[in-house]
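Trainee: Could we go through this structure together? I would like to begin with charged side chains.

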Amino acid sequence: MPKNSKVVKRELDDEVIESVKDLLSNEDSSDDAFKKSELMVDDQEEKDVDVEEGSDVEDERPAWNSKLQYILAQVGFSVGLGNVWRFPYLCQKNGGGAYLVPYLILLLIIGIPLFFLELAVGQRIRRGSIGVWNYISPKLGGIGFASCVVCFFVALYYNVIIGWSLFYFSQSFQHPLPWDQCPLVKNTSHTFVEPECEKSSATTYYWYREALNISSSLSESGGLNWKMTICLLAAWVMVCLAMIKGIQSSGKIMYFSSLFPYVVLLCFLIRGLLLNGSVDGIRHMFTPKLEIMLEPKVWREAATQVFFALGLGFGGVIAFSSYNKRDNNCHFDAVLVSFINFFTSVLATLVVFAVLGFKANIINEKCVIQNSEKILKLLKIGNLSQDMIPHHINFSSITAEDYNLVYDIIQKVKEEEFDSLGLKSCQIEDELNKAVQGTGLAFIAFTEAMTHFPASPFWSVMFFLMLVNLGLGSMFGTIEGIITPIVDTFKVRKEILTVICCLVAFFIGLIFVQRSGNYFVTMFDDYSATLPLLIVVILENIAVTRIYGIDKFMEDLKDMLGFSPSQYYYYMWKYVSPLVLLCLLVASIVQMGLSPPGYNAWIEDTATEVFHSYPTWGMIVCISLMVLAILPVPIVFMVRRCNLIDDSSGSLASVSYKRGRIIKEPVNLEGDNTSLIHGKSPSEVPSPNFGKNIYRKQTGSPTLDTAPNGRYGIGYLMADMPDMPESDL
């Protein structure tokens, strides 16, 4: 028995009972926060030790090197490509500055409370998503497996986007940029501009033909795009090397991958504000359209953006927080990361619309010049009278204001035949109202604007390096949401699992680098995550508030944080957040039902996008993605509800917990003086295994069903023994 330990033995009904209070009497004083939740017999030198049941090998859980490293990891995970190309689009589409009001309200109602909940459960239980939800509610243990499946689906196509960014990054070291001008085609007689490019634009042509070499439909594979295949391989190699040592390797990379995007965004903002027309873009962006706020779809889209912006349900938040000390102030972390995410979205929106304002101004100037030339021709041939043109107008250096004046005069005078003249209004607002999101914003609109920048290759390199970093930060959290739960549950080597996971994902991901791969990216983005993640988070909320118990959870938070969280969170978790999430789920299902399932296909002959419905096999794939993602929940529920798998261990004594009492059921003690921890060092003491043996049956009481109870963090399992006196810790 350890030298510095006191063990008081009692005998009750021929069973050995040991008081946790006595066992913890000489525990290291620096670990006070866990005296109520963890059995420790000897000094642990301020280390949290997790020991696999049945193993005599000490397994120390890794920890973040610093609080800053952890915050950067969470920020890197939550701040992703959606902040740059999804939030500005939604802000423009849904009322400009007015959109920020519903977004902030929903951030406070569902964003921060649910983010805080995931941080708290991960930090207290110190396991990945599988172990956490197994402990809280064994029958809902499938939540963790569902999170892993969703993470895997998202990782498959998300890394493809990083591969696209790597391709553009590699092509940016040229002057002029390769997408600056349409390519010329030579034949035996003469040279002409590529027809597909002439019908669209140089940047659009480069994206669809040079980068993706896209096919005209989902069913037309077209073979692998070797350029994108190499980029995808490079992306997975980067992720694998960064994740192979867990947070020890990825944590250090976070210093660059999380901070560099802010440097680039600030540089772009300063440069953008100096560009002609940038103020027009920002003014258009933040001019509030208050009437749009009354539309239900605005609130639905704001709620969806809040939900996905923070990475709720993926398991990455839980995985990262599980490497924290248990007394870390995760409430402060939740508020800080949530608002950093919000302000990053606003910063990215300023940058995007400053650049788009500049682009709109250039397009408008070209429009004015082209239409002024048309007016001069009409004046020469006599279709227009010179008397209609004000005397101060000089067509050789006409401004946008003067052109609009002439346009209005001609429209009024030639009202009946105006349409036949073929003149355009050339309004900057019309160009800014063209909503662009996703890849269209990053790889078409933004790249076109950068071709007009002085030193455009430099800005292109910076922009696509920023996209790579934003993508990698999110990928680290996504992969951590897969690896950490599996390592905690099945005790496999993290290095081997990381390599296998990345290899499997790369080979499956080859479907995204076919010529039709972009259509599969759209399919996975639309169907693999939205509904499954909503269901996962709803079940998380129910598991904590209804099954585990909201009052017990609040007590655990007080024990962990050292102070009682605001009652605001109590009411949010118990009433408001579940209701809002259910409404969001119903609205998403309705929206999915009303929107015809399909994709926009690029047609080479017309150089335009055409909407195509998914073929039958495509619909089967879409449905399969949603079903496979959520399938672990009912499977695990039925397995544990019907006791189809016996979790009991035949080789070790099973341990049950009840409010601070430990009941040891000895196996083959043969009357010797063996006790619960007789003659064993702390590293040899078996502890509950969260992933495998979540609830057990009492030997001699095979019909008793046990349920989780006790302090949040060590896996107390309450035996239903009414005759057993309870003791408070």
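Trainee: How many salt bridges does the structure hold?

Mentor: The structure holds ten salt bridges; the term means a side-chain nitrogen of Lys or Arg within 4 Å of a carboxyl oxygen of Asp or Glu. Please note that this is a predicted model, in which local features need pLDDT of at least 70, side-chain atom pairs count only at pLDDT 80 or more, and totals for chains, interfaces and linings use all residues. Residues are numbered from 1 along each chain as its sequence is written, and side-chain values use heavy atoms, with hydrogens and water left out.

Trainee: Which residue forms a salt bridge with Arg209?

Mentor: Glu604 does, with the closest N and O atoms 4.0 Å apart. Arg209 lies in helix H9 (residues 202–211) and Glu604 in the loop between strands E7 (598–603) and E8 (608–613), so the pair ties together parts that are 395 residues apart in sequence. Helices (H or I, at least four residues) and strands (E, at least two) are DSSP runs, numbered from the N terminus. Glu196, Arg209 and Glu604 are linked in a network of salt bridges.

Trainee: Is Arg209 buried or exposed?

Mentor: Arg209 is buried, at a relative accessible area of 11%, whereas Glu604 is partly exposed, at 43%. Buried means under 20% relative accessible area, exposed over 50%, and partly exposed in between (1.4 Å probe, protein chains only).

Trainee: And which residue does Arg283 meet in a salt bridge?

Mentor: The side chain of Arg283 meets that of Asp280, at 2.5 Å from N to O. These two residues are three apart in helix H13 (residues 278–286), which separates them by about one helical turn.

Trainee: Changing topic, which residues of helix H26 are buried?

Mentor: In H26 (residues 632–641), the buried residues are Pro632, Val633, Val636 and Arg640. Seen down the helix axis, they fall within an arc of 100 degrees, so they line one face of H26. The arc is that of the directions from the helix axis to the C-beta atoms.

Trainee: What covers them?

Mentor: The cover includes helices H6 (129–136), H7 (142–171), H23 (530–561) and H25 (616–630); contact here means heavy atoms within 4.5 Å.

Trainee: Lastly, the backbone: where is a cis peptide bond?

Mentor: One joins His175 and Pro176, with omega about 0 degrees. Pro176 is found in the loop between H7 and strand E5 (184–186). Most residues other than glycine have a negative phi, and most peptide bonds are trans. Asn213 has a positive phi of about 45 degrees although it is not a glycine.
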